[in-house]
2 protein chains.
Amino acid sequence: MKQSLFPQHDHDHSDCTSNLMKFADLYCQQAGLRLTKLRRTVLEKVAASHKAIGAYQILDNLAADGQKLAPISVYRSLDFLQEAGLIHRLESTNSYFACQRNFDDDLTNNNPISLNKCSETSPLVFLICDNCGAIGEVEGASIEPLIETVANSEKFKVKHSQLEIKGTCTSCQASS
Amino acid sequence: MKQSLFPQHDHDHSDCTSNLMKFADLYCQQAGLRLTKLRRTVLEKVAASHKAIGAYQILDNLAADGQKLAPISVYRSLDFLQEAGLIHRLESTNSYFACQRNFDDDLTNNNPISLNKCSETSPLVFLICDNCGAIGEVEGASIEPLIETVANSEKFKVKHSQLEIKGTCTSCQASS
DNA sequence: CTGCTATATGAAACAATATTACAATAGTTG
DNA sequence: CAACTATTGTAATATTGTTTCATATAGCAG
């Protein structure tokens, strides 16, 4: 059963985070990646909402928890998490959000963890609500052929692509 | 006759700039926009190559010409030019490049200037060479239906979208 | 277990990018 | 010209990200 991409503003977010963290643990274990304490904490902060969060917000957030870090520590964790495909970076706002697409099926169906679904090999497509800040990540496969067509016509060799779509999400349209 | 999106590295760029500046002058006049001396100078700097240029590069560049400005002056001009659709901003690299699409047909065919072709109403699509830095801007209309489909399925109301495709351009593939 | 090595984190300074707030000037309109 | 709006100047400051070098810790070979 398919979840809505943009959950209600008042939904119970604890399921989202716990599923995500569960997946992250399993995934890193299987992939031989080290989800250290720091990296895990940073991921928790990023996954704390469906909005994108800035590096310095994470920093402040951790400081409030008593964990005072240098910016570089956060950036290093973010780099790791992004590399692992667990989070994405919104280029237009210099901020980060958790990838939800990895585990939506897997965990509920008790499927084996499929590694790196959101890998760099297929286009990243994000719907960004400029009202509430929520991000919805969309399957990029559908635009891939189109990108290939465009690229081929210019003999351009594609390595990576990211599509950021800004507008208003369902929840915000409803509550306006 | 269609120009290549990625001209040879050693092409004569003076045609590119002079066409672009000619268009900018006509366009702003017709649209009632004031292409002031400063804005025009900034546009010349941006249009000086097919690569994207950073705000502080422009600043340094102008300083070298004897014109010492504060960052804000450059940013204000960039904002104006972007608003006018004469330049675009690469989100992934915090840099700016000139829109070539406006005048490729118009000037050569002696057509009347068509205002604001690259307006925010249709998706922006850029091919970005990570070797030489050249940018090729592509007609975004072809991906528009796809974006609409995705958005509609989530009841998301689209305002603006930008697709940044990274890879290697023709010229760089040839010379490697 | 011991030491070796690779990986990860800490700490401080700094670089790059962008904005705020307010004053001065230029251009436009009545 | 007077009043008004748009543009630019000036200075300070905010935000985002990196370099460099030192220290610690995990994983592994002997």
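Ser161(B) touches Leu163(A), Glu164(A) and Ile165(A) as well as Pro123(B), Leu124(B) and Ile147(B), leaving aside residues up to four places away in sequence; contact here means heavy atoms within 4.5 Å. Ser161(B) sits in strand β5 (residues 157-168) of chain B, and it's buried, with a relative accessible area of 4%. For burial, the cut-offs are under 20% relative accessible area for buried, over 50% for exposed and in between for partly exposed (1.4 Å probe, protein chains only).

This is a predicted model, where local features need pLDDT of at least 70, side-chain atom pairs count only at pLDDT 80 or more, and totals for chains, interfaces and linings use all residues. Residues are numbered from 1 along each chain as its sequence is written, chains are lettered from A and ligands numbered from 1 in the order in which they are written, and side-chain values use heavy atoms, with hydrogens and water left out.

**How the two chains relate**

- A rotation of 180 degrees with 0.0 Å of shift along its axis puts chain B on chain A, at RMSD 0.0 Å.
- The two copies are thus related as by a two-fold rotation axis.
- The superposition is by least squares on the C-alpha atoms of residues with pLDDT of at least 70 in both copies.
- Leu163(B) is the residue of chain B that comes closest to the rotation axis, its C-alpha being at 2.1 Å.
- Both copies use the same surface, as 100% of the contact residues of chain B recur in chain A.

**Helix α2 of chain A and its partners**

- Helices (H or I, at least four residues) and strands (E, at least two) are DSSP runs, numbered from the N terminus.
- The axes of α2 (residues 37-46) and α3 (residues 55-64) of chain A come within 10 Å and cross at roughly 110 degrees.
- Axes are lines fitted to C-alpha atoms, for helices over the stretch in contact, and the angles run from 0 to 180 degrees between N-to-C directions.
- α2(A) and α3(A) are therefore roughly perpendicular to each other; angles from 65 to 115 degrees get that label, under 35 is roughly parallel, over 145 roughly antiparallel, and the rest oblique.
- On the α2(A) side, Thr41(A), Val42(A), Lys45(A) and Val46(A) make the contact, and α3(A) brings Ile58(A), Asn61(A) and Leu62(A).
- By class, the α2(A)–α3(A) contact residues are four nonpolar, two polar and one charged; Ala, Val, Leu, Ile, Met, Phe, Trp, Tyr, Cys and Pro count as nonpolar, Asp, Glu, Lys and Arg as charged, and the others, Gly among them, as polar.
- α2(A) also packs with α4 (residues 71-84) of chain A, at an angle of about 80 degrees with the axes 9 Å apart.
- That makes this pair, α2(A) and α4(A), roughly perpendicular too.
- Leu38(A), Arg39(A), Val42(A), Leu43(A) and Val46(A) of α2(A) meet Ser73(A), Ser77(A), Leu78(A), Phe80(A) and Leu81(A) of α4(A).

**Helix α2 of chain B**

- Thr41(B), Val42(B), Leu43(B), Lys45(B) and Val46(B) are buried in α2 (residues 37-46) of chain B.
- Those buried residues of α2(B) pack against α1 (14-31), α3 (55-64), α4 (71-83), β1 and β2 of chain B.

**Positive phi in two loops of chain B**

- Asn94(B) isn't a glycine, yet its phi is positive, near 50 degrees.
- Asn94(B) sits in the loop between β1 (87-90) and β2 (95-98) and is partly exposed at 40% relative accessibility.
- Lys155(B), also not a glycine, has a positive phi of about 55 degrees.
- Lys155(B) lies in the loop between α6 (144-153) and β5 and counts as exposed at 58% relative accessibility.
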